[in-house]
Amino acid sequence: MLDSRWSEPAPPEAIEDALRGRRIERVGRRGKYVIVSLEDDVHLVMHLRMTGNLLLTADAEDPPHLRVAIGLDDGQRLLFVDVRRFGTGDVLLGGDALADYFDSRLGVEPLGADFTAEALRALARGRKQPVKAFLLNQERIAGVGNIYADEALWRAKIHPLRPVGSLKRAQIEALRDGVVESLELGIDSKGASIDDYRHVDGARGSFQDRFLVYSRAGKECVRCGGTIVKLRAAGRGTYICPNCQRRPRARTATSSRRAPQPQGSS
């Protein structure tokens with residue numbers, strides 16, 4: 001390990017000792033976390049954050065911004081490369097520890113069988129926060145990032161500032177489908193390589209070539225012909241079509257005082 005910050009607060013030596021000599025049994029995912037499960041119920045959990053990449057290579061030369069290198073017995077290396085050093089790694093011992101780790105951090109999986117329109121409706125019920133902020137909350141729905149939220153909301157024709165609890169049943173169904181379709185297209189495209197992201201073999205993803213709304217400010221909406229604009233929602237740069245995604249109406253403030261009543265004769 002080259003960067004001790006990657007595993008904080010655990011010391012690098014503890015991570016190395018837990019992994020050394022153990023066979024990798026499977027590789028999975030939960031939300032935005034990559035899970036490498038090894039024999040003896042040991043699990044390496046990694047998060048790429050904004051600029052992290054996992055690369056599998058037989059090249060002995062270290063790439064720029066290398067943070068962690070894991071040697072494999074076939075001569076290849078698994079490299080964690082991260083320009084901004086936000087990515088993290090942790091080792092969890094046992095399935096219970098793994099489950100507890102994610103139960104406290106992540107909500108429903110959007111590509112799982114439990115992510116139904118009814119489940120989404122139950123999560124949204126009574127909540128006043130903007131729908132985009134709701135989608136980005138990993139404790140509600142695991143794995144939806146900024147790009148995919150914009151793409152899903154455009155598909156569902158929902159403005160990102162609309163209070164999520166105000167969505168109608170048909171809108172909830174459209175939003176659920178929009179999230180799933182956007183994520184599946186992103187996976188099929190091997191991600192979006194806008195800046196740093198690369199596939200495990202170093203190849204660029206192609207999802208950026210299939211965006212319907214994200215990063216298309218000033219361009220024509222492919223659905224209605226309107227002009228895509230950029231605004232701020234949930235603290236993030238957000239792209240919408242104002243024609244397709246109508247801004248929610250501002251509520252008119254009402255006085256809490258009653259109108260004066262006519263005085264009766266005494």
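## Exercises on a predicted model: pocket, helix and cores

The second largest pocket has a volume of about 460 Å³. The structure is a predicted model, in which local features need pLDDT of at least 70, side-chain atom pairs count only at pLDDT 80 or more, and totals for chains, interfaces and linings use all residues. Residues are numbered from 1 along each chain as its sequence is written, and side-chain values use heavy atoms, with hydrogens and water left out.

**Exercise 1.** Describe the lining of the second largest pocket.

*Solution.* On a 1 Å grid over the protein atoms alone, a pocket is an open set of points with protein on both sides within 12 Å along at least five of seven lines, where a 1.4 Å probe fits; lining residues have an atom within 4 Å of a point. Grid points are joined across faces, edges and corners, and the volume is the space filled by probe spheres set on the points.

Step 1: locate the centre. The lining has 21 residues, of which L19, R22, I70, G71 and L72 are the closest to the centre of the pocket.

Step 2: assign elements. Helices (H or I, at least four residues) and strands (E, at least two) are DSSP runs numbered from the N terminus. Two or more lining residues come from each of α1 (12–19), β2 (33–38) and β5 (66–71). Strand β5 gives the largest share, four residues.

Step 3: classify. The lining holds 13 nonpolar, two polar and six charged residues; Ala, Val, Leu, Ile, Met, Phe, Trp, Tyr, Cys and Pro count as nonpolar, Asp, Glu, Lys and Arg as charged, and the others, Gly among them, as polar.

**Exercise 2.** Determine how helix α5 is covered, and by what.

*Solution.* Step 1: count. Of the 11 residues in α5 (residues 146–156), 10 are buried, that is, under 20% relative accessible area with a 1.4 Å probe, protein chains only.

Step 1: find the cover. It includes α4 (131–136), α6 (169–188) and β9 (236–240).

Step 2: Contact means heavy atoms within 4.5 Å. Not counting residues up to four places away in sequence, K132 touches N146, A149, D150 and L153, among others, and also R236, G237 and T238.

Step 3: leave the helix. K157 follows α5 and has a positive phi, near 60°.

**Exercise 3.** Identify the residues that touch the most other members of the largest nonpolar core, and the elements that supply the core.

*Solution.* Step 1: define the set. A nonpolar core consists of buried Ala, Val, Leu, Ile, Met, Phe, Trp, Tyr and Cys residues joined through side-chain atoms within 4.5 Å.

Step 1: name the residues. Among the 36 members, L135, V144, L175 and V179 touch the most others.

Step 2: assign elements. Helices α3 (117–124), α4, α5 and α6 each give two or more residues, and the largest share, seven residues, comes from α5.

Step 3: follow one member. Beyond four places in sequence, V144 touches K32, P110, L135, L136, Q138, A149, V179 and L183. Apart from this core lies another, of 16 residues, including L38, V42, V68 and V91.

**Exercise 4.** State whether H47 is buried or exposed, and list its contacts.

*Solution.* Step 1: H47 is found in strand β3 (residues 42–47). Step 2: its relative accessible area is 9%, so H47 is buried. Step 3: leaving aside neighbours within four places in sequence, H47 is in contact with K32, Y33, F80, G87 and T88.

Definitions and conventions. Buried < 20%, exposed > 50% of the residue type's maximum accessible area, 1.4 Å probe, protein only.
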